[in-house]
Amino acid sequence: MTVSTLFDEAERKIRKDFLSGRERDRYLARLDSLRRRYAVLGEIDEAGGVAMGLIERGERLLAGSPLRSAALEGFLRHAGAAWYDLSGRLGAYRWYVRCFFAAAISFFVLAPQFFPAILPLIFIVPVFLGLRGLRSRSVNGFTLSAMIFPVSLLAGTTGARFFVPALGRLSEASAEMAARYPPLPTSAGSFLITTFAILSLLGIASSLAGAAIGFRRRDMFV
């Protein structure tokens with residue numbers, strides 16, 4: 001079986017097993033969109049790992065009779081994600097991962113400065129599981145990783161309101177920070193304020209960019 005015949009089989013099963021007109025039309029529209037995207041690729045190496053994996057998994061998912069919605073959803077998601085590999089357009093995925101790391105780092109550094117310690121502790125497990133899921137590009141990994149963006153944006157905007165204006169009066173702000181933490185020298189206070197200001201802006205930018213990329217390209221994930 002080829003990718004093209006796999007799509008033909010999916011269409012036949014949709015028309016046969018889905019009696020609801022609205023549900024059938026929705027699935028047929030998604031399948032037609034995938035056909036058009038794959039048509040742009042032209043000839044693909046169907047003996048290669050990604051295409052072969054799509055064909056093998058698609059055959060298993062479409063084998064049930066009648067075809068279940070969960071199996072069809074799995075096939076459509078897998079075909080959508082495989083397109084990014086076959087087209088070589090994984091740049092969005094790489095940028096999403098970079099935004100995730102930048103947002104997570106800025107959140108865990110900035111959050112303890114303004115919020116109770118329990119807040120960053122709550123997100124340790126979701127961030128760890130999200131990181132594991134991103135490696136396999138799973139939908140669950142995407143969902144868990146996306147949880148970091150709202151809280152990182154919150155920490156970033158809060159930090160920016162405090163640390164960015166402090167750059168304009170760096171000497172005075174450094175002295176205040178050194179007084180707040182007695183063992184801290186003024187030079188270290190200046191370094192921390194600058195670092196926190198940069199992390200605040202980084203957290204805002206990476207959160208907004210990561211959320212936008214993830215929302216627009218969520219079909220990268222299986």
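Which residues form a nonpolar patch on the surface? The legends below begin with that patch in the predicted model.

**Figure 1. Nonpolar surface patch of the predicted model.** The patch is formed by I118, L121, I122, I124, V125, F128 and L129. Together these residues have about 660 Å² of accessible area. Two elements, α6 (118-122) and α7 (124-135), each give two or more residues to the patch. The largest share comes from α7, which contributes four residues.

Figure 2. F128 is one of the residues of the nonpolar surface patch. The relative accessibility of F128 is 49%, and F128 is therefore classed as partly exposed.

**Figure 3. Helix α4 along its length.** Helix α4 covers residues 69-87, 19 residues in total. From its first C-alpha to its last, α4 reaches 27 Å, close to the 27 Å expected at 1.5 Å a residue. Just after α4, G88 adopts a positive phi of about 75°.

**Figure 4. Buried residues of α4 and the helices that pack against them.** The buried positions in α4 are A71, L72, G74, F75, L76, H78, A79, G80, A81, A82, W83 and Y84. An α-helix has 3.6 residues a turn, so residues three or four places apart point the same way. Among the buried residues of α4 are L72, F75 and A79. The partners against which the buried residues of α4 pack are α1 (3-17), α2 (21-41) and α3 (49-61).

**Figure 5. The protein chain as the setting for the close-ups.** The secondary structure of the protein chain consists of eleven helices and zero strands. Read from the N terminus, the order of elements is α-α-α-α-α-α-α-α-α-α-α. The C-alpha atoms fill a box of roughly 75 × 35 × 25 Å along the principal axes. The radius of gyration of the protein chain is 24 Å, whereas a compact globule of 222 residues would have one near 17 Å.

**Figure 6. Burial, contacts and accessible surface in the protein chain.** Of the 222 residues in the protein chain, 39% are buried. Where contacts join residues at least 6 apart in sequence, 75% of them link residues at least 24 apart. The protein chain exposes about 12000 Å², and carbon and sulfur atoms supply 63% of this area.

Definitions and conventions: Residues numbered from 1 in each chain as written. Predicted model: local features only at pLDDT ≥ 70, side-chain atom pairs only at ≥ 80, totals over all residues. Heavy atoms only, no water. Patch = residues over 30% accessible without salt bridge, like charges linked within 9 Å, V, L, I, M, F, W, Y side chains within 5 Å. Areas by Shrake-Rupley, 256 points an atom, 1.4 Å probe, with all protein chains shown as cover. Salt bridge = Lys/Arg side-chain N within 4 Å of Asp/Glu carboxyl O. Buried < 20%, exposed > 50% of the residue type's maximum accessible area, 1.4 Å probe, protein only. Rg over C-alpha atoms; globule rule 2.2 N^0.38 Å. Contact = heavy atoms within 4.5 Å. Expected span 1.5 Å × (residues − 1).
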